[in-house]
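I'd like to walk you through one structure, going from a pocket to the cavities and then to the contact between the chains.

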Amino acid sequence: MSETNKQLYGYLVEFDNVDGLVNAAEKVRDAGYSDWDCHSPFPIHGMDDAMGIKPTVIPWIVLCAGITGCTAALAMQWWMNAIDYPTIISGKPFFSLPANIPIIFELTVLFSALTAVGSLFALNGLPQLYHPLFTVEKFARATDDRFFLVIEASDPRFDLEKTRQLLESCNGLSVEKVED
Amino acid sequence: MSLHDPAQLMDERRRLEGLGLSVTRYGGAIGLIGLVLACLMGFIQENGMDRFFFVYLTNFIFFLSISLGALCFTGIQHVTRAGWSIVVRRLMELLAANVVLMAILFIPIIFGLHSLYHWTHAEAVAHDPILQHKAPYLNTAFFLFRAVIFFAVWIGLALFFLRKSTEQDESGDYKISIRLEKVSSWGLFLYAMTTTYASFDWLMSLDPHWYSTIYGVYFFAGSAVALFATLSALCIGLQKSGRLTRAITTEHYHDLGKFLFAFTIFWAYIAFSQYMLYWYANKPETTGWILRRQTAPMLWVSLSLIFCHFFLPFFGLLSRHIKRNKSLLFFWAIWMLVMHWVDIYWLVMPEYVHQYGEIGAAPFGLMDIFCLIGFGGLYAAGFAMWARGRSLIPMKDPRLAESLTFENA
C-alpha cells in the first residue's frame with residue numbers, strides 16, 4: 001500500500017505500569033478529549049473515574065427488557081389458556097396466576113439476560129473484526145504486559161502538535177503516530 | 001477513605017469497649033424484664049401460657065435464625081476463601097456465637113412442649129393413625145435428643161470459628177485459615193442437616209400431619225435474609241458509633257446489599273415453589289396448612305409477605321445506588337428484619353389459632369412486644385459479651401489487605 005493512501009488514526013502512548021496509564025488517563029480526561037481509550041491486560045480499579053466514564057445505560061435497557069418479558073409471558077399464557085384454546089387442567093380456572101408464574105419468571109430472566117448481552121455488544125460496537133491499532137506491532141503486548149492510551153484523530157480537540165506534547169508529558173515509554 | 005495497609009487499622013477504633021459493657025448491662029436487664037413481663041401476662045390470662053409459648057417460639061426462632069445465618073456464612077467465607085468479607089467476618093462470628101445464648105433460651109420451650117406440639121399428647125396419638133406412624137420420630141425423648149445434637153453441632157462450629165479466628169489475631173498464622181477452611185467444608189454439611197431437621201422439629205411439627213420437603217430450605221432462605229439485614233444494620237450502627245469507620249467501605253455495603261437482595265429473591269422463589277406444588281396437587285392432607293394462611297385473619301399476613309417481603313424490597317434493593325447508600329441500605333435492612341419477623345410469625349401463629357381456636361384478628365399484642373424486646377435485649381447483650389476483649393476485625397487474617405482495598409469492578 002502506498003504512503004498516500006494512509007490516514008492518520010491517532011496517537012498511541014505506551015506504559016509499562018498501571019500508575020503511568022492511570023495518571024495519563026486523568027490528564028487526557030482533564031484536557032477535555034472525548035475520542036480516546038485505554039488498553040490494559042487486566043481490569044484496573046479506578047479506571048472509570050480516571051477516564052471520566054459515565055455510568056452505563058445498560059441497567060435501564062435491561063429493566064425495560066425484564067418488564068417486557070414479564071408482561072409478554074403473562075399475556076401469552078392468558079391468551080393461550082383462556083382465549084385461544086381453553087382447557088381445564090386439574091380443575092383450575094382457565095386463567096390462574098400461580099400456574100403462570102414459572103413462565104413469567106423464565107421469560108423475565110431470558111429477556112433480561114439476552115438483552116444485557118445484546119446491548120453490551122451493540123453499545124461497544126462489537127463484533128469488530130479489524131481495528132487500526134492492529135497495524136502497530138507492539139500493541140499485541142496490550143494483552144500481556146504493556147498499557148496503552150490512544151487519542152483518536154477524530155477527536156475535535158485533536159491537534160498534531162498539542163496532542164503530541166500532552167502525551168509526551170505523560171512520561172510514557174514512547175509516543176507514536178498510528179496510521180491506517 | 002479506604003485503607004490500603006492493614007497497619008493503618010491501628011488508628012481505627014475496633015473494639016466495643018465501654019459501649020459493650022453498657023449493652024451487656026442494659027440489654028441483659030431489659031431482656032430479662034421483657035421476658036418476665038411476657039411470661040407474667042401468660043400466667044394472668046386464662047390459657048395465657050399456651051399463647052406465651054407460641055409467642056416465645058416465634059421470637060426464639062427469629063433470633064436463632066440470625067445466628068444460624070451467620071454460622072452458615074462464616075463457613076461459606078472460609079470454604080470459598082473469600083477475600084472481600086474479611087472486614088465483616090468477625091461480626092458474623094460473634095453473631096454465630098450467640099447460638100450458645102439461644103441454647104439456654106431453648107430451655108423454656110422444653111416446658112412448653114405440651115402447649116406447642118399436638119403430637120406430645122398421648123391421648124391424641126392414641127386416636128390418630130398418622131401420629132402413631134410418625135411416633136418413632138415425633139416423640140419427646142427423641143425430639144430432645146435431636147435438640148441436643150443440633151445445639152452441640154452449632155455451638156461446636158460457632159465457637160471453633162470464633163476461637164481460631166481470635167487466635168489468628170495474635171499469631172497471624174496462615175495455617176489457621178487452612179484449618180478453618182477444612183473444618184468448614186464438612187461443617188457446612190452438618191449445618192445443612194441440623195438446620196433442616198431443626199426447622200422440621202420446631203416449626204413444621206407444629207402441624208404434625210403436614211409435611212413439606214422444601215421447608216428446611218425455606219427456613220434457610222429466611223435466615224440468610226435475616227443475617228444480611230442484621231449485618232448491614234450492625235455495620236452502619238458501629239460506624240455511627242465511630243468504630244471501623246474506614247475499614248468498612250461502600251464496596252462492602254454494596255456486597256452486603258447484593259446478598260440481601262439475592263436472598264430476598266431466593267426466599268420468594270422457595271416460598272412460591274412450596275406453594276405451587278400444594279396448589280396444583282390440591283390434596284386435602286397438604287392444603288390445610290395453606291388454607292389456614294389463606295383465610296382471614298392470616299390472609300392479610302400472607303399478602304403482606306408477598307408484597308412487603310418480596311415485591312417492595314425487590315424494587316427497593318434493585319439499584320446499585322441504593323445498595324451503596326448507607327441510609328437507604330439501613331432502611332431496607334430494618335425493613336427486611338421486620339418482614340422476617342412477620343415471616344416467622346406466619347409460620348408459627350396460624351398453628352396457634354388452629355389449635356386453640358382463637359378467631360377474629362390475628363393474635364398480636366403486648367405479650368409479643370414484651371417478648372420481642374426481651375429476646376432483643378438478651379441477644380444484644382450476648383453479642384456484646386462475645387465481643388468483649390476481641391477486635392471487631394480479624395486483625396491478622398492473611399486476606400485482610402485484600403478486603404480493605406476491595407472494589408466492585
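**A pocket, some cavities and an interface**

Let's begin with the second largest pocket, whose lining residues divide into 20 nonpolar, 5 polar and no charged. Please keep in mind throughout that this is a predicted model.

How many residues line this pocket, and which lie nearest its centre? There are 25 in the lining, and those nearest the centre are Thr230(B), Leu234(B), Gly376(B), Tyr379(B) and Ala380(B). The volume of this second largest pocket comes to about 580 Å³.

If you follow the helices on your screens, you can see where the lining comes from. At least two residues each are supplied by α1 (17–44), α2 (48–79), α10 (215–240), α15 (326–356) and α16 (366–387) of chain B. Of the elements that contribute, α16(B) gives the largest share, with 6 residues.

The structure has 3 cavities of 30 Å³ or more, and the largest cavity has a volume of about 50 Å³. Which residues line that largest cavity? They are Gln77(B), His78(B), Ala82(B), Ile86(B), Arg89(B), Ser177(B), Asp397(B) and Arg399(B). Two elements of chain B, α2 and α3 (86–97), each give two or more residues to this lining. By class, the lining of the largest cavity splits into 2 nonpolar, 3 polar and 3 charged residues.

Let me finish with the two chains. Their contact takes 11 residues from chain A and 10 residues from chain B. About 990 Å² is buried between chain A and chain B, with carbon and sulfur atoms giving 76% of that area.

On the side of chain A that touches chain B, helix α4 (residues 97–123) of chain A provides the largest share, 5 residues. That side of chain A is made up of 6 nonpolar, 4 polar and 1 charged residues.

That's my tour, and I'm happy to go back to any of these places with you.

Technical notes:
Residues numbered from 1 in each chain as written. Chains lettered and ligands numbered in written order. Predicted model: local features only at pLDDT ≥ 70, side-chain atom pairs only at ≥ 80, totals over all residues. Heavy atoms only, no water. Contact = heavy atoms within 4.5 Å. Buried area = accessible area lost by both parts, 1.4 Å probe. Helix = DSSP H or I, 4+ residues; strand = E, 2+ residues; numbered from the N terminus. Nonpolar A, V, L, I, M, F, W, Y, C, P; charged D, E, K, R; others polar. 1 Å grid on protein atoms, 1.4 Å probe; cavity = no way out; pocket = protein on both sides within 12 Å on 5 of 7 lines; lining within 4 Å. Points joined across faces, edges and corners; volume = space filled by probe spheres on them.
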